[in-house]
Amino acid sequence: MDAYTNFAEVYDGFMDNVPYRQWADYIQDLLREQGIRDGLVLELGCGTGSLTELLAGKGYDMIGVDNSGDMLQIAMEKREVSGSDILYLLQDMREFELYGTVRAVVSICDSMNYITEYEDLVQVLRLVNNYLDPEGILIFDLNTEYKYLQVLGDNTIAECREDKSFIWDNHYDNKTGINQYDLTLFICQQGDLYRRFDETHYQRAYGMEEIRRAVCEAGLELVAMYDAFSREPIKEDSERVYVIAREHGKERMR
């Protein structure tokens, strides 16, 4: 089934423990270190626009791309409240199109892990390189194989709140690198009546050498790879990593 359809309705509620403000500060610091303090910034896999809004508040002219219309609907409702001038586009990041180039591209909260084929990952990065200004910057994060294998593994995660609950059955296949989680949602409709929804999500663990190779194949220049929210090198037990790459000449799109 399509991911982030019914889940979109309660996504922000279950993500209320995510420190988006700290994430936005970290990304702003990384962008500033690369000389990008303003201008057009594209967020791939923007979801409900939580980070997009925060970066807009920091002075960037934001574009958000996501392939879930349900998630973008919520993002646009936030835009109405904030009055921000964010352009949202319903597009698959493997085929996204812009009207021109941007100073930077960001993608967080493991959006790149949803690209489960290596060739598609290269294509996404190639498109990014194509739409970046000269010397433009790409910043994206990834869940690591360590997290999928040692933290999520073959576990069941559940959370129950007054008006919504979920059951997350996780399975990681270390032969294929594919992490599958079956998500069962119970959402209060009215009174004591709850409706059940089911979604299945697939993500892929990429090794760091694969990421380096993909960045190179896409024509980008690798700048740095960090243990998340630090400037420290990636460790064996890093659960999330950040990758920074730079536009490095335009390769003819295939």
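The following questions and answers walk through a predicted model of one protein chain.

Visitor: How many helices and strands does the chain have?
Guide: The structure shown is a predicted model, and its elements are numbered from the N terminus. Counted in that way, the chain has seven helices and eleven strands.

Visitor: What radius of gyration does the chain have, and what would a compact globule have?
Guide: The C-alpha atoms fill a box of roughly 60 × 45 × 35 Å, taken along the principal axes. For 254 residues, a compact globule would have a radius of gyration near 18 Å, and the value for the chain agrees with this, since it is 18 Å.

Visitor: What percentage of the residues in the chain is buried?
Guide: A residue counts as buried when its relative accessible area is under 20%. Of the 254 residues in the chain, the share that is buried comes to 51%.

Visitor: How far apart do the centres of the positive and negative side chains lie?
Guide: The chain carries 25 positive and 48 negative side chains.

Visitor: Which residues of helix α6 are buried, and what arc do they cover?
Guide: Helix α6 spans residues 145-152, and its buried residues are Lys-147, Tyr-148 and Leu-152. They lie on the same side of α6, because the arc that they cover around the axis is only 100 degrees.

Visitor: Which strands do the buried residues of α6 pack against?
Guide: Packing here rests on contact, which means heavy atoms within 4.5 Å. By that criterion, the buried residues of α6 pack against β5 (132-143), β6 (156-160), β7 (164-173), β8 (178-190), β9 (193-204) and β11 (240-246).

Visitor: Is Asn-113 buried or exposed?
Guide: Asn-113 sits in the loop between β4 (102-107) and α5 (118-131). Leaving aside residues up to four places away in sequence, Asn-113 touches several residues, including Tyr-148, Leu-142 and Tyr-202. Its relative accessibility is 0%, and therefore Asn-113 counts as buried.

Visitor: Which residue just after α6 takes a positive phi?
Guide: The helix α6 covers residues 145-152. Just after this helix, a positive phi of about 50 degrees is taken by Gly-153.

Visitor: Where is Glu-135, and what is its phi?
Guide: The place of Glu-135 is in strand β5. Although Glu-135 is not a glycine, its phi is positive, at about 70 degrees.

Visitor: What is the relative accessible area of Phe-229?
Guide: Phe-229 lies in the loop between β10 (221-227) and β11, and it has a positive phi of about 65 degrees although it is not a glycine. Phe-229 is partly exposed, because its relative accessible area is 39%.

Visitor: How far is Leu-183 from Ala-214, C-alpha to C-alpha?
Guide: Leu-183 is found in strand β8 and is buried, with a relative accessible area of 1%. Along the chain, Leu-183 and Ala-214 are 31 residues apart, and the separation of their C-alpha atoms is 30 Å.

Visitor: How far apart in space are Tyr-99 and His-171?
Guide: Tyr-99 has its place in the loop between β3 (87-90) and β4, and with a relative accessible area of 84% it is exposed. Tyr-99 and His-171 are 72 residues apart in sequence, while in space their C-alpha to C-alpha distance is 40 Å.

Methods
Residues numbered from 1 in each chain as written. Predicted model: local features only at pLDDT ≥ 70, side-chain atom pairs only at ≥ 80, totals over all residues. Heavy atoms only, no water. Buried < 20%, exposed > 50% of the residue type's maximum accessible area, 1.4 Å probe, protein only. Helix = DSSP H or I, 4+ residues; strand = E, 2+ residues; numbered from the N terminus. Arc of directions from axis to C-beta. Rg over C-alpha atoms; globule rule 2.2 N^0.38 Å. Lys, Arg positive; Asp, Glu negative; His and termini not counted. Charge placed at Lys NZ, Arg CZ, Asp CG, Glu CD.
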